[in-house]
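Dear colleague,

Please find below the structure that I am handing over to you. I would be grateful if you could look through it alongside the notes that follow.

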Amino acid sequence: MIQIAVFASGAGSNAQKLIEYFRGHAQIRISLIVCNKPGAGILQIAAKEQIPSLLIEKERFFKEDAYTSALKAAQIDFIVLAGFLWKVPPVLINAYPQRIVNIHPALLPKFGGKGMYGHFVHEAVIAAGEKQSGISIHYIDEVYDHGNIIFQCSCEITAGETPETLAKKIQLLEHAHYAPVIERIAQLQNQR
Ligand code: GRF
């Protein structure tokens, strides 16, 4: 069984989709939810789905082992970020080489980096007069939104598009593609 930890700190709609997709899966299990925000929606989802959750603290994440020992003890093979805004420290990246994946709500390398999250991304895309936007699924490295891109797909920006309407289009793409892409790469990596 390939065991995945989902790191999420927001509403958790992507995490919810991942949980639904992998429920009862023969090879892949979402076995831990990691969150840095007490009270985040994702924690209620974890409780309802009966998936263990781990509430993490800044001090240990950035100044100590970044919970690497806890993740290894829980036999986590893969880490999937879904709305997790803290930068992943080198100690964790080195413990999970090419095994930490993020999803970004724009076509990287444009519209990425620190501060580029949520509605800020869609506002910037529209303000720049882009004709299309999309999603990027990529490995994590030590620079925000920078690691190798695994998958992208796009949507048109139509006349009168607002950050809110664009956010809805992007969310549909995220919900449709994140789980199958993770399924593919987790299985591929596992064969190595
Ligand atoms: C998604 O838009 C994702 O691209 C970004 O954070 C958002 C998370 O939303 N990294 P949700 O918490 O899954 O609803």
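The notes below take the ligand and its surroundings, and then some details of the backbone.

Please bear in mind that this is a predicted model.

The ligand sits in the largest pocket. Helix 1 (13-22) and strand 5 are the elements that give two or more residues to the shell around it. That shell is made up of Gly10, Ala11, Gly12, Ser13, Asn14, Gly83, Ile103, His104, Pro105 and Glu174.

An oxygen atom of the ligand is 2.6 Å from an N or O atom in the side chain of serine 13, and an oxygen atom of the ligand is 2.8 Å from a polar backbone atom of glycine 12. At isoleucine 103, a polar backbone atom is 2.9 Å from a nitrogen atom of the ligand. The ligand taken alone exposes 370 Å², of which the protein buries 79%.

Turning to the backbone, leucine 108 and proline 109 are joined by a cis peptide bond, with omega at about 10 degrees. Proline 109 belongs to the loop between strand 5 (100-104) and helix 6 (119-127).

Two glutamines have a positive phi. For glutamine 50, phi is near 55 degrees; this residue lies in the loop between helix 2 (41-49) and strand 3 (53-55). Its relative accessible area is 72%, so glutamine 50 is exposed. For glutamine 75, phi is near 60 degrees, and its place is the loop between helix 4 (68-73) and strand 4 (78-81). Glutamine 75 counts as exposed because its relative accessibility is 56%.

With kind regards

Conventions: Residues numbered from 1 in each chain as written. Predicted model: local features only at pLDDT ≥ 70, side-chain atom pairs only at ≥ 80, totals over all residues. Heavy atoms only, no water. Helix = DSSP H or I, 4+ residues; strand = E, 2+ residues; numbered from the N terminus. Buried < 20%, exposed > 50% of the residue type's maximum accessible area, 1.4 Å probe, protein only. Near = heavy atom within 4 Å. Polar contact = N/O pair within 3.5 Å; in protein donor to acceptor, adjacent residues only side chain to side chain. Areas by Shrake-Rupley, 256 points an atom, 1.4 Å probe, with all protein chains shown as cover. 1 Å grid on protein atoms, 1.4 Å probe; cavity = no way out; pocket = protein on both sides within 12 Å on 5 of 7 lines; lining within 4 Å. Sits in = over half its atoms within 2 Å of the grid points.
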